[in-house]
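Dear colleague,

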Amino acid sequence: MSTTMTTPVRPVLRTEERREIRVAVHAGDPLVRAGLRSALGDGPGITLRDDPEKADVLVAVAGNEPHRIPAGPARLVLIADQPKQAELWAAVERGLAVVVARSEATPGRLLRAVADAHAGRGDLPADQLGSLLRGISRLHKEVLEPRELTLSGLSPRETEVLRLLAEGFDTGEIARRVAYSDRTVKNILHGLLSRFGLRNRTHVVAYALREGLI
């Protein structure tokens with residue numbers, strides 16, 4: 001009687017994920033960090049980086065001081081069990097994309113999480129997503145709304161001016177439609193150009209459309 005040996009099959013990356021993904025690891029415990037690096041190091045298309053600033057994805061373990069998770073351009077995979085809202089907010093500020101429970105942090109699951117984060121796919125457990133949405137609702141009501149801002153980062157009048165600009169109206173026409181002075185409209189547009197580092201009105205319209213702001 002013969003037996004057949006099988007080996008674990010690592011997740012197959014989709015076509016858009018088959019290029020090299022630069023991954024950095026952050027953990028307060030050096031042994032945990034070494035274990036994560038070992039688990040990720042053999043993954044297909046994975047290249048480990050020491051500096052989060054040079055990584056596409058940062059894999060971090062939640063700790064007692066969530067603000068210590070490095071901030072940077074990388075998308076964040078957070079390993080945590082029932083993170084507190086403060087941890088979730090700190091993670092969001094650092095580019096949170098995927099949350100993985102500690103008990104599920106196997107090499108295969110971590111590779112899938114890295115691939116999802118790199119491709120821009122978010123993945124949060126339902127209870128944590130609910131907590132995050134409740135926090136966003138409070139942020140809107142208690143912080144943004146009193147300052148006439150929205151979650152997009154624009155005030156209602158900035159949004160209105162941008163929409164009319166995108167429809168082809170010039171400064172004078174926009175001013176008449178919204179009952180502002182020409183100077184006010186110009187100041188609104190100047191503020192948007194400065195805030196987002198844009199070059200001109202065409203650029204601000206293209207940016208707003210691309211980012212889904214209008």
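Predicted model: local features only at pLDDT ≥ 70, side-chain atom pairs only at ≥ 80, totals over all residues.

Residues are numbered from 1 along each chain as its sequence is written, and side-chain values use heavy atoms, with hydrogens and water left out.

The protein has eight helices and five strands, where helices (H or I, at least four residues) and strands (E, at least two) are DSSP runs numbered from the N terminus. Read from the N terminus, these elements follow the order β-α-β-β-β-α-β-α-α-α-α-α-α. Of the 214 residues, 38% are buried, a word that here means under 20% relative accessible area with a 1.4 Å probe, counting protein chains only. Among contacts (heavy atoms within 4.5 Å) with a separation of 6 or more, 53% are between residues 24 or more positions apart.

Two packed helices are described by the angle between their axes and the distance between the axes. Axes are lines fitted to C-alpha atoms, for helices over the stretch in contact, and the angles run from 0 to 180 degrees between N-to-C directions.

Helix 6 (residues 171-178) and helix 7 have axes that come within 8 Å and cross at roughly 110°, which means that helix 6 is roughly perpendicular to helix 7, the term for angles of 65 to 115 degrees. Thr 171, Gly 172, Ile 174 and Ala 175 of helix 6 make this contact with Asp 182, Val 185 and Lys 186 of helix 7.

Helix 5 (residues 156-166) and helix 8 (residues 201-210) also cross at roughly 110°, with axes that come within 10 Å, so helix 5 is roughly perpendicular to helix 8. Here Leu 162, Leu 165 and Ala 166 in helix 5 meet Arg 201, Val 204, Val 205 and Ala 208 in helix 8.

Finally, Leu 193 lies in helix 7 (residues 182-196) and is buried, its relative accessible area being 19%. If neighbours within four places in sequence are set aside, Leu 193 is in contact with Leu 198, Arg 199, Asn 200, Arg 201 and Val 204. The C-alpha atoms of Leu 193 and Val 204 are 6.6 Å apart, although 11 residues separate the two along the chain.

How values were computed
Parallel < 35°, antiparallel > 145°, perpendicular 65-115°, else oblique. Buried < 20%, exposed > 50% of the residue type's maximum accessible area, 1.4 Å probe, protein only.
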